[in-house]
Number of protein chains: 2
Amino acid sequence: MASSKFILSILVNNEAGVLTRVSSLFSRRGFNIDSLSVGETENPLISRITISAKGDEYTKEQLEKQLMKLHDVITVELMDMENTVMRELMMVKVKFKKGELTELMSAISVFRAKVIDLASNTATLELTGQSSKVDAFIEFLAPYGIIELCRTGVTAIGRGDYILKSES
Amino acid sequence: MASSKFILSILVNNEAGVLTRVSSLFSRRGFNIDSLSVGETENPLISRITISAKGDEYTKEQLEKQLMKLHDVITVELMDMENTVMRELMMVKVKFKKGELTELMSAISVFRAKVIDLASNTATLELTGQSSKVDAFIEFLAPYGIIELCRTGVTAIGRGDYILKSES
């Protein structure tokens, strides 16, 4: 079966141990997680884990079912990629030589990135967007020389009135 | 000893299992993680895990030492909070009534948030910033009625020329 990228949104009780149970379910099955982010929701007792990974239809469904059985997991949803807004945040530190800053600033403006910190020959930049935009910016910056890069991993929310329910 | 917020940046080999080992070290010791984000670095073989948590000096140092011993962990650094840029990304879906949109848009502009999606009585917003800014925006939006909220967790990068080295 064809393998494709998918996003799982998981609402969990904000308890020590639940993240370990979720991530070990993936590692036991030999699945690598492309990105994972965990943060509090509007209810401080509930956290939301967003996982981006690759797999076929069967795998996705199995993971969804298995995750649902874990202690402290409230809801699991395989996000509908067409009706979901996906964003990630990247910070990147890049080198530049004398005379290159103007060109670099033009690209920053095109990508709507922000300059967080500027030293004599390094700039620290921030970019928010879909993974494809983040990847394109990294590709643009590579020739300058990327010296450090961190990205948060994808977080995802349904479009319009769609809500991930905590009771299902 | 006084307990304070701290950020750990961990460079790891991009292998299944390493996230489980890192998170289980926290849960075995009964430590709750406030936020965690994992994403690829400039080197696709290496991922960066950023963990935000609370603890006293002794705890922080112990965690740093124990993490360093884990398989596939390359570097662990307790970030110097004064010389680190910390950012997180939030998406939030909020209700509004007829006549409230103008006021809501003003606040969005003050906080430099973005409108991702707008339905007849809900708006989906995106905000990037330090956790304190994100918290302030949530507090502002609460009276409107937050119906869904996801945040990526903090990611952190050193200011200026400072780099988290992969060989230490």
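Mentor: A residue is buried under 20% relative accessible area, exposed over 50% and partly exposed in between, using a 1.4 Å probe and protein chains only. This is a predicted model: local features need pLDDT of at least 70, side-chain atom pairs count only at pLDDT 80 or more, and totals for chains, interfaces and linings use all residues. Residues are numbered from 1 along each chain as its sequence is written, chains are lettered from A and ligands numbered from 1 in the order in which they are written, and side-chain values use heavy atoms, with hydrogens and water left out.

Trainee: Why does Ser9(B) count as buried?

Mentor: Ser9(B) has 0% relative accessibility, which is under 20%, so Ser9(B) is buried. Ser9(B) is placed in strand E1 (residues 4-13) of chain B. Helices (H or I, at least four residues) and strands (E, at least two) are DSSP runs, numbered from the N terminus. Beyond four places in sequence, the contacts of Ser9(B) include Arg48(B), Thr75(B), Ala156(B) and Leu164(B), where contact means heavy atoms within 4.5 Å.

Trainee: How is Phe96(A) classed, buried or exposed?

Mentor: Phe96(A) is at 9% relative accessibility, under 20%, and therefore counts as buried. Phe96(A) lies in the loop between E5 and H3 of chain A. Its C-alpha atom is separated by 6.0 Å from that of Tyr144(A), 48 residues apart along the chain. Tyr144(A) is also one of the residues that Phe96(A) touches, and among the others are Leu104(A) and Asn121(A).

Trainee: How do you know that the buried residues of H4(A) are on the same side?

Mentor: The buried residues of helix H4 (residues 131-141) of chain A are Ser131(A), Val134(A), Phe137(A), Ile138(A) and Leu141(A). They cover an arc of only 125° around the axis, which means that they sit on the same side of H4(A). The arc is taken from the directions that lead from the helix axis to the C-beta atoms. An α-helix has 3.6 residues a turn, so residues three or four places apart point the same way.

Trainee: What lies on either side of H4(A)?

Mentor: The buried residues of H4(A) pack against strands E1 (4-13), E5 (84-95), E7 (122-129) and E8 (146-151) and helix H3 (101-110) of chain A. The face turned away from the buried side carries the exposed residues Ser132(A) and Glu139(A).

Trainee: Why is the sheet with strands from chains A and B called open?

Mentor: The order is E4(A)-E1(A)-E3(A)-E2(A)-E2(B)-E3(B)-E1(B)-E4(B), 8 strands with antiparallel pairing. Strand E4 (73-78) of chain A and strand E4 (73-78) of chain B stand at the edges with a single partner strand each, so one side of each has no neighbour in the sheet. Neighbouring strands are turned by 15° against each other on average, direction ignored.

Trainee: What makes E2(A) and E3(A) a pair?

Mentor: Two strands pair if DSSP finds at least two bridges between them. Strand E2 (residues 33-40) and strand E3 (residues 46-55) of chain A are joined by 7 bridges and run antiparallel, so they pair. Ser35(A) stands opposite Ser52(A) in E3(A).

Trainee: What crossing does H1(A) make with H2(A)?

Mentor: H1(A) passes H2(A) in a right-handed crossing. The near helix is turned from the far one by less than a right angle, anticlockwise for left-handed and clockwise for right-handed. The axes of H1(A) and helix H2 (residues 57-68) of chain A come within 11 Å and cross at roughly 145°. Axes are lines fitted to C-alpha atoms, for helices over the stretch in contact, and angles run from 0 to 180 degrees between N-to-C directions.

Trainee: Which residues of H1(A) and H2(A) meet?

Mentor: Val22(A), Leu25(A) and Phe26(A) in H1(A) meet Leu63(A), Gln66(A) and Leu67(A) in H2(A). By class, the contact has 5 nonpolar, 1 polar and no charged residues. Ala, Val, Leu, Ile, Met, Phe, Trp, Tyr, Cys and Pro count as nonpolar, Asp, Glu, Lys and Arg as charged, and the others, Gly among them, as polar.
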